[in-house]
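Here is a protein structure to look at.

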Amino acid sequence: MSTPSRRRQVAAVFRKELLEAVRDRRAMASALLYPLLGPALVGLLFTGVSRNVQQTREAPVSVVGAERAPELVGFLGAHGVTVVGSEAAVADAALAAGEREVLLRIPDDHADALAAHRPSRLVVEADFSKPRAARVAGRVAALVQTWGQRLALGRAVARGVHPEVLMPVMVEQRDHATPVQHAAALLHLLPMFTLLAAFVGAMQIAIDATAGERERGSLEPLLLHPAPTWVFAFGKWGVATAASATAGLLTLGLTAATLPLLPTEAIGISLHIGAGEVALLAAVLLPTAPMAGGLLLWAASFARSFKEAQTWLSFLLFVPMLPGLMGSAWELEEAAWMLPIPSLGQHLVTLQVLRGELPAVWAIVVAGLGSLALGLLGVWGTARQLRRERALFVGQ
């Protein structure tokens, strides 16, 4: 049969699988739900971090004996700490009842201790099992320590001792990272979310096109048509790839649209991905779609039932998560040999884009070819599996 005829056969199988996928509410929900869920999770993550930082700064602190250290109270207030002066009994009751999370206790002999050049023992009390209370208490303790160091330097100057004598070593930190690079450090999960969406979007369709058709008894009549099995494999692969690409692009686009709306000013960054960056990220991540479609089809073709396919394919969802987990745990240095590795290559190139760097065209092509090759391998494996007689019958 001529090549145009084969193309028409592949197109016919594609249209048939696409129509069934659109009619399958379960497949459509799987393909579209995660792209909505991923950006929502990213938004909740950054909103929660910003909220925690803001609450840490604004949390009121009870101070017992505030009148004994007006300079310290003023110093705390100048650094954003809301000081609430209280009597000891009232402050203890508020701390026990959870009305106040942190209590700073200034001793009765505070002024006498400072006048006699003895250390004044201030106490910061909190329920350190509560994360927010622990953060606020740590901030207050650090500010009190800083105030004490300034007081010590003032005493040294008053006695004619140069402050540098008390600081034999001075450390200066210079941050060479740009605000975009700092934002990229927080957005390292974006590639993983997008890659995961590509797999989730194609999973139900891949299962339905193989194990699902076998259970319904429609796979055998389909394979009786006078066409090689690779025609059916390519047609099914096309629909799975389309669903995968749609889910990935929706996740990427919705996340990019959500980021500017998040209250990230509290943590000192401004998250924004422009249209150019989104287009570049889409070009980098799109080759993941044929890889996901091919691998999922191949794996599902071995399953004897729909439920078994769901069980086995759920393990494949770890594939797009591995690069992000490996990069976070091992801090892998980027190297050219990593680019052809499917999923890992896309992860590395997308991080370059998020850092504001322009990746080389060859790097994008190499990463894409690695994923495309794995997807074609999956199609070949699916076609080979469909030629086996046991692939037609349930429970075999």
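Q: Why is Val365 called partly exposed?
A: Val365 has 42% relative accessibility, so Val365 counts as partly exposed. Buried means under 20% relative accessible area, exposed over 50%, and partly exposed in between (1.4 Å probe, protein chains only). Val365 sits in helix H16. The model is predicted: local features need pLDDT of at least 70, side-chain atom pairs count only at pLDDT 80 or more, and totals for chains, interfaces and linings use all residues. Residues are numbered from 1 along each chain as its sequence is written, and side-chain values use heavy atoms, with hydrogens and water left out.

Q: What makes Glu357 partly exposed?
A: The relative accessibility of Glu357 is 36%, so Glu357 counts as partly exposed. Glu357 lies in the loop between helix H15 (344–354) and H16.

Q: Which residues make the nonpolar surface patch?
A: Trp230, Phe234, Val361, Val365, Leu369, Leu372 and Leu376 make this patch of about 600 Å². Nonpolar side chains are joined within 5 Å, like charges within 9 Å. H16 gives the most, with five residues.

Q: Why is H10 called oblique to H16?
A: The axes of H10 and H16 come within 8 Å and cross at roughly 130°. That makes H10 oblique to H16. Angles under 35 degrees count as roughly parallel, over 145 as roughly antiparallel, 65 to 115 as roughly perpendicular, and the rest as oblique.

How values were computed:
Patch = residues over 30% accessible without salt bridge, like charges linked within 9 Å, V, L, I, M, F, W, Y side chains within 5 Å. Areas by Shrake-Rupley, 256 points an atom, 1.4 Å probe, with all protein chains shown as cover. Salt bridge = Lys/Arg side-chain N within 4 Å of Asp/Glu carboxyl O. Helix = DSSP H or I, 4+ residues; strand = E, 2+ residues; numbered from the N terminus. Axes fitted to C-alpha atoms, helices over the stretch in contact; angles between N-to-C directions.
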